[in-house]
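User: I am new to this structure. Could you walk me through its features, one at a time?

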Amino acid sequence: APDIPVIDQAYSKLSNSITVEWRAVPGATNYMLTAQDGDSFVETIVKNSPGTVTGLKPATLYRITVRSISSGGKSQPSPFRKVKTVLAAPILSVRSPSCDSIAVSWKAVHMAAGFSVSLMRSDGLGRVLKQNTTNTSLIFTNLDPGTLYTVKAYAWNANGVPGDDFTYNQRTSPNAPVDVKVAFNSGASRAVVSWMPTEGALTYSVTVSSGLLKLRCNTSSASCMVPSLQCSSEYDVSVTAHNDAGSSEPTDAVSLKTIHCAPVNISIEEDEPGHLLVSWSSVSLGHYYVVFVKSDDGLEVHCNTSHTQCHFQSDCGFTYFISVFAYNKAGQSPLGDVLNYTTAPCCPSDFRAVFVSSDTVRVTWAPVRGADLYETRAAGGSGVVLCRDTAAACSLSALQCSTPYNITVYAFSEARGSSASCAPHYVATAPCSPEIKNISKEGVSVISVQWQPNNEEAMYVVTARGEAGLWHCTSTRNSCTLMDLPCGSAFSVSAIARSPAGQSLPSYSIPLETAPCCPNDLVLTQVTQSVTNISWSVGRGAQTYVTTLESPKGQAKCHTLQTYCLLGCITCGTNYTVSLRAISETGLTSSCTYQGYSSSACCPSGVKLYRLSNNGIRVFWQASDETINYNADLRGSKGNFSCTPSLGLSHCDITKIPCGDVYTVLVAPVTNKRPRLTFCPKKIYS
């Protein structure tokens, strides 16, 4: 460890620290300073001498030691020195009770025997004032007003050792301002107060008083404007200077007299349209009056009079601003109440009415000056329809159809109400919608439509609308007839009414369906002796068909969705009447008739074959009718052969037939209108 250091001296200059000086120790890198006060101590590590121990208590006796420190360790403490810290500084409370004095006070300081307080101007001018005292307060007098001073104080102990000092800057309060002047602005009812600036004043306050009324104005400059002065009044004006130390005494009061008040009880009347009468109460000491009337378009007129009323001309829809001034030797009175009077707006012009629907009319007009609201009134029918809007347009809805209305437009202003009596405009609504009561069929393509007539002098138009096209009929009564409507078509039938006032809404549509069309083409083909096939073209509008073949011997009928049908139980050799019914989806029926039909002659019975020779055959049969001629056909792989006997015979011979073949023999009635019948029974011959 290093050697023990030796303290040369130890002393206290501040109340919270002690400074120690010692001789350096070879090999030491740091030193530990220790200040001990009874059981408590404070240690500080320093590099070299001198060193200071801080964080100590004022006016306290400490034992001071020093230890040297190196890489080898710490030395033993040096012999101690006893040192007492100096006194704490007094905490000052400073104020300026007047413009030429400063009062200083403080709390007692522990172990203090006396105090020293000095004062000087902060700018360094003048001399330093110093006082020693054992008290805790004192006053410096005969100072400069509004000046910043620096106060410094410290305490000393019984040995006369001074302690820490305390410094405080304090300004003296200012002197009262001088050369106060008042200038009155009669037009604005306010006064401008000015004065000479005073040393050290930061702000000024102006007090204007009249009886119990007091007005104040604060400023940092050398003038101030006092507003809101009352007319016909006398005021006392004084000024006080202020800074952070306090306030000066107020200046001597200066008298201020104002002008007369503005006229009151101003009234405006429109004694008749286009004329305004302005009146007011008389003002004492007023010599004459001037009335200004300015309209909202910028035009201004005035009236000079010694009386208490004036007349002016006015226009509808204008707002007039009226002000009255009284004049005397002091000048013009302040601006009193500015009254405004709005005349009623004019009646709207450029009236236009357009129907946007059968029960709604849109009314427009030129905007009216001064109008805040428009009211449109439609009188007619069973009542009155009203519409209010701020725009120069209005839509009157829910009007009764086929009704005349008188429409009047009024302009309103919030200030004056509505315009004078305005002329109405005549408007008639469109006809009422007709109501179809009945649709009846007068013929194959003729439909009669009936409706309830509910309009006067109206033309009714009935329209049948469908995929096939449009059909119309017109009438001024309660019915009309639609002609030449196509069959098998669906229509929607509606009616409208027309008049010079316009066109009604269409009536509710009534569905109409015409009977289906009869097929143009019908073909009968006999399939067997008792079965016939019937086919036909499509009938427009038809969903199902019923075909009937009828004769005295019986009837054959078929009901089908198709365009063909097989009819059985047909009697051969019989004449039939042919009929067809086309039926629509809703059950409408068209009965169609066609050319009669004759079934083929009956096939022979009892057909027998006899060999005549090696190359011949005789064919026998039993005829169903002796008036029918028959034909026998022999068909094989080596050839086809036939024979036809004379009328009334029931056999015939076929010769020169190749041998060694199998033949099919068919005997059928002979017909000129149809192909050869193939459905009669066949025989095999080998």
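User: How many salt bridges does the count come to?

Analyst: A salt bridge is a side-chain nitrogen of Lys or Arg within 4 Å of a carboxyl oxygen of Asp or Glu. By this rule the count comes to 12 salt bridges. The model is predicted, so local features need pLDDT of at least 70, side-chain atom pairs count only at pLDDT 80 or more, and totals for chains, interfaces and linings use all residues. Residues are numbered from 1 along each chain as its sequence is written, and side-chain values use heavy atoms, with hydrogens and water left out.

User: With which residue does Arg-121 form a salt bridge?

Analyst: The partner of Arg-121 is Asp-144, and their closest N and O atoms are 2.5 Å apart. Arg-121 lies in strand β11 (residues 114-121), and Asp-144 in the loop between β13 (137-140) and β14 (148-156), so the pair ties together parts 23 residues apart in sequence. Strands here are DSSP runs (E, at least two residues), numbered from the N terminus.

User: Which residue forms a salt bridge with Arg-369?

Analyst: That is Asp-296, with the closest N and O atoms 2.6 Å apart. The pair links distant parts of the chain, 73 residues apart. Arg-369 is in the loop between β33 (360-364) and β34 (373-380), while Asp-296 is in the loop between β26 (288-295) and β27 (300-305). Arg-369 is partly exposed at 37%, and Asp-296 is partly exposed at 38%.

User: Which residue does Arg-377 meet in a salt bridge?

Analyst: Arg-377 meets Glu-375, at 3.1 Å from N to O. Arg-377 is partly exposed, at 32% relative accessible area. Glu-375, at 5%, counts as buried.

User: Which residues do shared partners join into one network?

Analyst: Salt bridges that share partners join Arg-121, Asp-123 and Asp-144.

User: Now the rings. How many aromatic pairs are there?

Analyst: A pair of aromatic rings is described by the distance of the centres and the angle of the planes. Rings of Phe, Tyr and Trp (its six-membered ring) pair if their centres lie within 6.5 Å; planes under 30 degrees apart count as stacked, over 60 as edge-to-face and the rest as tilted. The count comes to 14 aromatic pairs. One of them is Trp-195 with Tyr-204: 5.2 Å centre to centre, 55° between the planes, a tilted pair. Both Trp-195 and Tyr-204 are buried.

User: How are the rings of Trp-365 and Tyr-374 placed?

Analyst: Their centres are 5.3 Å apart and their planes are at 65°, so the pair is edge-to-face. Trp-365 is buried at 6% relative accessibility. Tyr-374 is buried at 4%.

User: Which ring does Arg-369 lie over?

Analyst: A charge sits over a ring if NZ of Lys or CZ of Arg is within 6 Å of the ring centre and within 35 degrees of the ring normal. Arg-369 lies over the face of Phe-318, 4.1 Å from the ring centre. The charged end of Arg-416 sits over the ring of Tyr-341, 3.9 Å from its centre.

User: On to strands. In what order do β40, β41 and β44 lie?

Analyst: Strands of a sheet pair through backbone hydrogen bonds, either parallel or antiparallel. Two strands pair if DSSP finds at least two bridges between them. Here three strands form an open sheet in the order β40-β41-β44, with antiparallel pairing. The edge strands, each pairing on one side only, are β40 (435-441) and β44 (479-482). β40 and strand β41 (residues 447-452) pair over six bridges. The bridge partner of Ile-439 is Val-449 in β41.

User: How many residues of strand β10 are buried?

Analyst: Five of the six residues in β10 (residues 101-106) are buried, so the strand is mostly covered. Strand β9 (residues 92-98) pairs with β10 in the antiparallel sense over five bridges. β9 and β10 form a hairpin with two residues between them. Ser-93 stands opposite Ser-105 in β10. Four bridges also join β10 to β13, and these strands run antiparallel. The bridge partner of Ala-103 is Ile-139 in β13.

Key. Buried < 20%, exposed > 50% of the residue type's maximum accessible area, 1.4 Å probe, protein only.
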